[in-house]
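Please keep the sequence and the structure in view while reading.

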Amino acid sequence: MSTTMVGSATSAPPSGWRSGSPDDGPLIEVPPGLLGSPRFWHDPAGLAWLDRLPALVETTCAEWGLRVDGAPRHGSNALVLPVASDGGPAVLRLTPPDARAAEDLRALRFWADGPVVGVLRASEDGSRLLLERLDPDRSLATRPPDEVAQVLGRLVTALAVTDPPADAPSTAGAAAELAEHGRRRWHASGRAVPAEVLGAAVGLASDLAVDDEGLATNGDLHADQVLRDPAGAWRVVDPVLMRGDPAYDLARAVWTTVDRLPDAGAILGFTDRLVGATGLDRSRAEAWLIVRTVAYWLWCLEAGLTEDPVRCARFVAAFADD
């Protein structure tokens, strides 16, 4: 098995780890990108966790019999470390011990028989996970857009299984939130979303809030979250378990790819191939594409993000010109 990794790993510093004795200093230095993540800007408990992180790596490796054997990577709220274990190469994923960590673990266990990364060991609260190694340098995001659309579409279908937990967040509930509060949020965020786009999204959200198909769906599926396993198969990492309509988060696949799509025609072509690969009802999928994009656009404005609103605007403009 090659030296590979898994997790929400989006960057790797050139240094920041060692494999020697603990007496030589901490096993890892927390990557600057994780230290500066917006996830922790207004979270005192999260900042305290960051301070404890090097020591937490030490104690977890000692407790679980692990040895760090590569540089740390990270996502918005997780540290991801390649480790050697008695069972072979693995990955240690550490996140703050909050409700989100427990939900991450529940999602991985729910889809354990599907195309998701396997859990080898876990703390009770889900904040410490030992996972199968996948390869972050062979993510789906490195593949041509046509392949991205086909693979993501097939994964949407594969993950849309029956009997998700009754208390999982509902896609209909997410639509209802936009229908009820979208206009207020639009005013509060400076009305940057065109009024006609906001109105269309709110109307569609009202329709989608009424009907919930009751299937499992991944609320965070995009190309960076899909990696190759040693056998070459595509596997999902960091899934977010929701119940309802599998078309709910197709928009994320588009706005995370839109920088690779040069014009409106390419955006529409990618979207058409993505929806086609799911086999879902096209009109309903297109409604979710608009609703989710506008909901995320508003969230970005509220959070002070600057790049993603531009991506959302490009996507919506392509649909408007169609």
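## Terms and model

An angle between two axes counts as roughly parallel under 35 degrees, as roughly antiparallel over 145, as roughly perpendicular from 65 to 115, and as oblique otherwise. The model discussed here is predicted.

## Helix α5 against helix α9

Helix α9 covers residues 282-303, and α5 packs on it at an angle of about 50°, with the two axes 10 Å apart. The helices α5 and α9 are therefore oblique to each other. Their crossing is left-handed.

On the α5 side, the contact is formed by Thr-171, Ala-175, Leu-178, Gly-182, Arg-185 and Trp-186. Helix α9 contributes Trp-288, Val-291, Ala-295, Leu-298, Trp-299 and Glu-302. Sorted by class, the contact of α5 with α9 has 8 nonpolar, 2 polar and 2 charged residues.

## Helix α5 against helix α6

Helix α5 (residues 171-188) also meets helix α6 (residues 195-208): their axes come within 8 Å and cross at roughly 150°. The two helices α5 and α6 are therefore roughly antiparallel to each other. Here, α5 passes α6 in a left-handed crossing.

From α5, the residues in this contact are Ala-172, Ala-175, Leu-178, Ala-179, Gly-182, Arg-183 and Trp-186. From α6, they are Ala-195, Leu-198, Gly-199, Ala-201, Val-202, Ala-205, Ser-206 and Leu-208. The class count for the contact of α5 with α6 is 11 nonpolar, 3 polar and 1 charged residues.

Several residues of α5 can be followed through both contacts. Ala-175, Leu-178, Gly-182 and Trp-186 are among those that touch α6, and these four residues also take part in the contact with α9.

## The sheet and its helix

An open sheet is built from 3 strands in the order β7-β9-β10, with antiparallel pairing. Which strands stand at the edges of this sheet? They are β7 (135-139) and β10 (234-236); each has a single partner strand, so one side of each is left without a neighbour in the sheet. On average, neighbouring strands are turned by 60° against each other, direction ignored.

Strand β9 comprises residues 226-228, and its antiparallel pairing with β7 runs over 2 bridges. Helix α4 (residues 145-159) lies across β9 and β10, and α4 runs at about 55° to β10.

Note on methods
Residues are numbered from 1 along each chain as its sequence is written. This is a predicted model: local features need pLDDT of at least 70, side-chain atom pairs count only at pLDDT 80 or more; totals for chains, interfaces and linings use all residues. Side-chain values use heavy atoms; hydrogens and water are left out. Axes are lines fitted to C-alpha atoms, for helices over the stretch in contact, and angles run from 0 to 180 degrees between N-to-C directions. A crossing is left-handed if the near helix is turned anticlockwise from the far one by less than a right angle, and right-handed if clockwise. Contact means heavy atoms within 4.5 Å. Ala, Val, Leu, Ile, Met, Phe, Trp, Tyr, Cys and Pro count as nonpolar, Asp, Glu, Lys and Arg as charged, and the others, Gly among them, as polar. Two strands pair if DSSP finds at least two bridges between them.
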